[in-house]
Structures are given as C-alpha cells and as structure tokens.
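Visitor: I would like to learn how to read cores and pockets. Can you take me through a case?

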Amino acid sequence: MKILKLKSIALMLVAVVGISCGSKTDKKPLQDETLSSFMLGGIYFTNGYGGIAEVNNMLSDYKTDEDIVAGYKELYEFPFERTDKSGAQRMLRSMWDITNKSTLLESITDLQTRDYKYKSWDYARIINNACMGYASGYLNKEEVKEIGLKTLELARQKYASWEAYYTDFNLGREDWNPEDNDKKAFEELSKNIFKAEKSVYKILPLQLNK
C-alpha cells in the first residue's frame with residue numbers, strides 16, 4: 001500500500017467539489033464522490049496501514065477538513081500499487097478464484113446483486129477487490145472508479161450513515177466466519193473508524209449533503 005507523502009501533500013491545492021471561496025459561513029459542505037466510493041472499503045485500507053492510530057499519525061500535520069480529505073485521497077484511492085502485479089493476482093486467485101478480468105467482473109456483479117442481508121459486507125469487498133484488480137492489471141483506474149460509483153449508489157439506497165454501514169459490515173463479517181482470527185481487529189475498526197480524530201468519515205457523510 002502507498003505511504004502518505006506528508007510534506008508534498010501539504011503543498012497541494014486540493015480540488016474538492018463543493019469548496020467555496022467565500023467566508024466561513026458561506027462555505028458549503030465538502031463533497032468528493034470518488035473518495036466516498038473508496039471509503040466503502042476503507043476499513044480494509046485502514047487495517048492495512050496498521051489501524052486507526054497509525055492513520056491518525058500519518059495525518060498528524062493535517063488540521064483542516066480540506067487537508068484531511070486530501071490525505072485520505074492519497075491513502076484510500078488506489079491503495080495497492082502495481083509494483084507486485086503477480087502477488088496481487090495470486091491473492092485474488094487464492095481468495096476468490098479470480099484469474100482474469102472476466103472472472104473479476106463476474107464476482108463484482110454477483111456481490112452487487114446477490115440477495116444478502118448484510119450488503120455492506122459485500123460492498124466493502126467489491127471496493128477492495130476492484131483495487132486489487134487494478135494492482136493485478138485486470139482493471140484500469142477509470143473502470144475501478146466506475147465500479148466504485150455504482151456501488152456507492154447502491155450503498156446510499158440501503159444505509160443512512162457510515163455508522164449504519166459499518167455496523168452492518170461487522171455483522172456480515174461475523175456471519176461469514178465467527179471464528180476468524182481478525183475478528184477483534186475488524187470489530188474495533190467497524191465501531192471506531194467513523195469516530196477517529198482524523199476520520200474522513202466525519203467530513204464526508206455517506207448521504208449527500210443537500
């Protein structure tokens with residue numbers, strides 16, 4: 001996964017939909033549809049970076065909402081590089097029996113459409129697998145973004161907030177394997193990822209601001 005470039009990111013001009021150049025009282029809530037779609041799988045990415053405390057440390061120099069959104073764009077959008085394409089392919093093959101673009105897309109469509117009560121568990125895995133698909137060379141960035149935006153639309157139809165989304169995610173993960181070795185870690189993440197000090201989930205709600 002990528003390492004946040006703290007010094008270079010701090011100098012970036014953030015282009016986020018909805019930022020106003022007016023006074024503080026005129027400022028519209030931040031919106032970023034691409035980042036919001038990757039946030040559907042953010043629990044996996046945060047876990048991969050070492051957990052909430054590690055992510056907070058990476059963002060320790062970031063003070064404003066705009067800075068934090070910029071930091072999470074670096075962390076969450078395409079977190080898996082293509083430097084180990086064969087490793088990503090092996091992971092998809094061993095965990096999902098995915099061996100090419102066709103089988104990856106079939107798996108994603110199945111997760112999007114299957115009848116299952118804990119759909120956020122499916123949606124989070126779609127985003128993670130799509131990112132792995134990019135690292136594997138099966139998908140390009142535009143294809144991953146398209147999958148993410150479609151999945152975001154589906155998630156908004158079912159969940160009112162990130163808290164509801166990740167509560168359901170944890171129920172789905174427990175339903176999948178109550179004895180999983182990572183159960184405790186993901187249970188803690190699902191309860192706290194939207195409460196963390198530098199959490200982007202506080203800034204970009206699941207439902208669009210009107």
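Visitor: Which residues touch the most other members in the largest nonpolar core?

Guide: First, the ground rules. This is a predicted model, where local features need pLDDT of at least 70, side-chain atom pairs count only at pLDDT 80 or more, and totals for chains, interfaces and linings use all residues. Residues are numbered from 1 along each chain as its sequence is written, and side-chain values use heavy atoms, without hydrogens and water.

Guide: A nonpolar core is a set of buried Ala, Val, Leu, Ile, Met, Phe, Trp, Tyr and Cys residues joined through side-chain atoms within 4.5 Å. Buried means under 20% relative accessible area, exposed over 50%, partly exposed in between (1.4 Å probe, protein chains only). Here the largest core has 58 residues, and Tyr76, Trp162, Tyr165, Tyr166, Val200 and Tyr201 touch the most other members. Helix H8 (residues 119-136) gives the largest share, 10 residues. Helices are DSSP runs of H or I, at least four residues, numbered from the N terminus.

Visitor: Is Trp176 buried or partly exposed?

Guide: Partly exposed, because its relative accessible area is 46%. Trp176 sits in helix H10 (residues 162-176). Between Trp176 and Trp121 there are 9.3 Å in space, C-alpha to C-alpha, and 55 residues in sequence.

Visitor: Which residues lie nearest the centre of the largest pocket?

Guide: A pocket is an open set of points on a 1 Å grid over the protein atoms alone, where a 1.4 Å probe fits, with protein on both sides within 12 Å along at least five of seven lines; lining residues have an atom within 4 Å of a point. Tyr44, Met91, Met95, Trp96 and Asn128 lie nearest the centre, among 19 lining residues. H8 supplies the largest share of that lining, five residues.

Key:
Helices (H or I, at least four residues) and strands (E, at least two) are DSSP runs, numbered from the N terminus.
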